[in-house]
Amino acid sequence: MSSPAAHADAQIQHAHGQHAHGQDAHDAHNEGGHGSFKSYMTGFVLSVILTVIPFWLVMGNVLDNSLVTTLVVLALGGVQMVVHVVYFLHMNTKSEGGWTFMALIFTVTLVVIMLSGTVWVMHHLNKNMMPMSAGDVLHKMP
Amino acid sequence: MMHGETAPPGAAAPVFYVTDEEGHHSEGSTMLGFWLYLMSDCLIFATLFATYGVLGRSYAAGPSPKDLFELPAIALNTAMLLFSSITYGFAMLEMDRDDQRKTQIWLAITGLFGVAFVALEIREFVHLFHEGAPPWRSAFLSSFYTLVSTHGLHVSFGILWLVTLMVQVHKYGLVVANKRRLMCLSMFWHFLDLVWIGVFTVVYLIGVLE
C-alpha cells in the first residue's frame, strides 16, 4: 500500500506551505488537516474509477456469475470508503493525538459486529422458522 | 493543606488544577467532538443498513429492485454527490488561501450539486410511487425508503447548513470561527458521500443483480 505514504507526504508538504505563510490562524486548525489540491484530486480520480467499475460491471452484465459480481462490487465499495476517509476526511493515525483514529476503529468494529451479526442471526431465524403454506400467506396478507 | 504545609498568610491561594490548558485550543477539541458525532451518525446508518439487509428480500409479492431501480439515474445521482465532494474540497483550499470570493463560489457550486442530488432523489421517489411502490407496499420498500430518505434528509440539512454558513461568511468574512464551522461542514459533507457509497453499492447495484 503506497497510498498512506503518499498522503503523509502531501501533508508534510502542506504543513511546510503553511509555515512559509507564517499565519498563526492557520496553524491553529492545522490539526484537522485540509489536504492539498493534489490529495483532493487523487481522491477524486480514485473515487471516479471505483464508482465507474461497479456500475459498469452491473449495467453491462460483464460477469456471468452474479455472486462474483456481488463480491467484487462490495469489495470496490469498501475500497472507495477507505479512499474517502483518507483523501477527503483526511483521517490519519496522528490527528487529534490519535483519538479520531481510535474512535474510527471502535466504530468500524461495532458496525462490522452489528451488521454481520444481524444478517447472520436473522437469516438463520428466517430459514428455521415454521414453514407457512401459500394459503396461510394469502390469508395473512393485509 | 493535605501535605501538612500551610501557606503563610497573604500568600496566593494554591492552585490544584491547570489553569492554562496549553495545546488544547478550541478548534482541536471541536474537530474531535464533531468526529465523534459523525461516528454516532455512522451507527444510525449502520442500523438502517442492517434492517435493509434483513428485510431487503421481503417483497410481499410486490415489486423487486430489478423492477423498480433505474441505474442510469442512480449513476447520475452518484456523480452529483461525488462532484459536490470535490468542489467542497476546492472551497476548503480557497479558504486556506483566505480567498473569500472563490470560497463562496465553490460553496455555491457545492450547494447546487447538493440540490441536484436531492431533486433527483425526490424525482425517483415520485416515480416509485407512480409505479405502485410506496413505503407501505412491502418490508423491502419500508426499509428502502427509511435508509435512503434518512440519507436524503441529511443532505438536505447539509444544504441548509451550507447556505447558513455562506451568509455567515458574507457577513463576517473568513474569521477563525467561520473557518472552524466550514471545517465541520466539510467533514459532514464528505461523510454523507461516504454513506452514499454504501447505499448505491448495497441497495441499488446488488439489488438489481439478484
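## Close-up views of a predicted two-chain model

**View 1. Cysteines B:C42 and B:C184.** The sulfur of B:C42 lies 17 Å from the closest cysteine sulfur, that of B:C184, which is too far for a bond. A disulfide is a covalent bond between the sulfur atoms of two cysteines; here the term is applied to a pair of cysteine sulfur atoms within 2.5 Å. B:C184 is in no disulfide, and a search of the whole structure over all chains finds zero disulfides. B:C42 counts as partly exposed because its relative accessibility is 22%, whereas B:C184 is buried, with a relative accessible area of 8%. Buried stands for under 20% relative accessible area, exposed for over 50% and partly exposed for values in between (1.4 Å probe, protein chains only).

**Basis of the views.** This is a predicted model, in which local features need pLDDT of at least 70 and side-chain atom pairs count only at pLDDT 80 or more, while totals for chains, interfaces and linings use all residues. Residues are numbered from 1 along each chain as its sequence is written, chains are lettered from A and ligands numbered from 1 in the order in which they are written, and side-chain values use heavy atoms, with hydrogens and water left out.

View 2. B:S186 is placed in helix α6 (residues 176-209) of chain B, where helices are DSSP runs of H or I with at least four residues and strands are runs of E with at least two, numbered from the N terminus. With a relative accessible area of 5%, B:S186 is buried. Leaving aside residues up to four places away in sequence, B:S186 touches B:Y88 and B:M92, a contact being heavy atoms within 4.5 Å.

**View 3. A nonpolar surface patch on chain A.** Helix α3 (residues 37-59) of chain A supplies the largest share of the patch, six residues. A:L63 lies in the loop between α3 and α4 (66-88) of chain A and, at 32% relative accessibility, counts as partly exposed.
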